[in-house]
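Student: Could you take me through reading a model of this kind, beginning with the overall fold and ending with a single residue beside a ligand?

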Amino acid sequence: MTDPHAQSPDHWLSQSDIVFSVAEVEQALDRMASVLQEKLSGQPVILLCVMRGGVYLAGQLMHRLQLPARLDYLQANRYHGITGSGIVWTKLPELDLTGQTVVVLDDILDEGITLAEVVHHCQQAGAREVVTAVLTEKDNGLEKPLQADVIGLIVPNRYVFGCGMDVYGWWRNLPEIRALREA
Ligand SMILES: O=P(O)(O)OC[C@H]1O[C@H](OP(=O)(O)OP(=O)(O)O)[C@H](O)[C@@H]1O
Ligand code: HPA
């Protein structure tokens with residue numbers, strides 16, 4: 001079998017289907033922004049981007065939110081290729097989270113392990129409130145350690161990419177969401 005890391009980026013497009021179009025993603029982003037806007041009622045927040053996948057949602061939400069925001073990021077990786085394992089933290093937030101309202105932004109809630117650990121970190125760091133927003137949640141039937149407060153789109157139980165999510169490092173920049181076909 002060919003090493004998936006050696007496949008051309010176009011291979012992944014040819015082996016996948018669009019599950020949410022650009023217009024559907026844009027609508028979901030608008031919806032997420034208005035839910036967050038109402039939930040946060042204009043208070044100052046720290047937007048905390050979970051790198052790298054959260055970067056697309058952070059970029060798309062920032063300009064849709066009318067409230068005083070600061071931006072920080074962390075990096076906690078769990079997936080190598082398309083399979084998950086233990087979390088490796090490579091970057092902690094730099095801002096002091098004590099007493100702050102923190103809005104955690106990530107691309108996908110799959111098994112929920114990453115988001116649960118990030119929320120735990122924010123609470124341990126003294127955040128007053130932690131609100132979680134994910135662009136997608138995977139419909140995988142698993143008992144997850146937490147639910148996100150704001151969810152953009154429910155994706156099927158397949159490996160998905162685009163809008164921040166990668167397939168072997170590629171295509172985080174796609175403005176649509178695609179799902180790999182069964183091998
Ligand atoms: O709900 P879970 O099963 O924990 O999976 C979700 C996490 O997996 C991905 O991160 P990844 O480790 O692939 O790092 P990346 O953001 O650099 O792609 C994604 O960005 C989420 O943070
Ligand atoms: O389906 C997925 N796609 C991209 N990244 C992910 N991280 C967990 N699940 C996924």
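Tutor: We will go from the whole chain to one site, bearing in mind that this is a predicted model.

Student: How many helices and strands does the protein chain have, and which pattern do they follow along the sequence?

Tutor: The protein chain contains four helices and nine strands, and along the sequence they are arranged as α-β-α-β-α-β-β-β-α-β-β-β-β.

Student: Which residues surround ligand 2, and how many are nonpolar, polar or charged?

Tutor: The surrounding residues are Tyr79, Ile108, Asp110, Tyr159, Val160, Phe161 and Met165; by class, six are nonpolar, none is polar and one is charged.

Student: Where does Asp110 lie, and is Asp110 buried or exposed?

Tutor: Asp110 sits in the loop between β5 (101-109) and α4 (113-124). To judge burial one counts other C-beta atoms within 10 Å, with 20 or more meaning buried; Asp110 has 24 and is therefore buried.

Student: Which residues is Asp110 in contact with, beyond its neighbours within four places in sequence?

Tutor: Those contacts are with Lys138 and Asn140. As for Asn157, which is 47 residues from Asp110 along the chain, the C-alpha atoms of the two are separated by 8.9 Å.

Technical notes. Residues are numbered from 1 along each chain as its sequence is written. Chains are lettered from A and ligands numbered from 1 in the order in which they are written. This is a predicted model: local features need pLDDT of at least 70, side-chain atom pairs count only at pLDDT 80 or more; totals for chains, interfaces and linings use all residues. A residue is near a molecule or strand if its C-beta atom, placed from the backbone, lies within 6 Å of it. Ala, Val, Leu, Ile, Met, Phe, Trp, Tyr, Cys and Pro count as nonpolar, Asp, Glu, Lys and Arg as charged, and the others, Gly among them, as polar. Helices (H or I, at least four residues) and strands (E, at least two) are DSSP runs, numbered from the N terminus. A residue is buried if 20 or more other C-beta atoms lie within 10 Å of its own, exposed if 12 or fewer, and partly exposed in between; C-beta atoms are placed from the backbone. Two residues are in contact if their C-beta atoms, placed from the backbone, lie within 7 Å.
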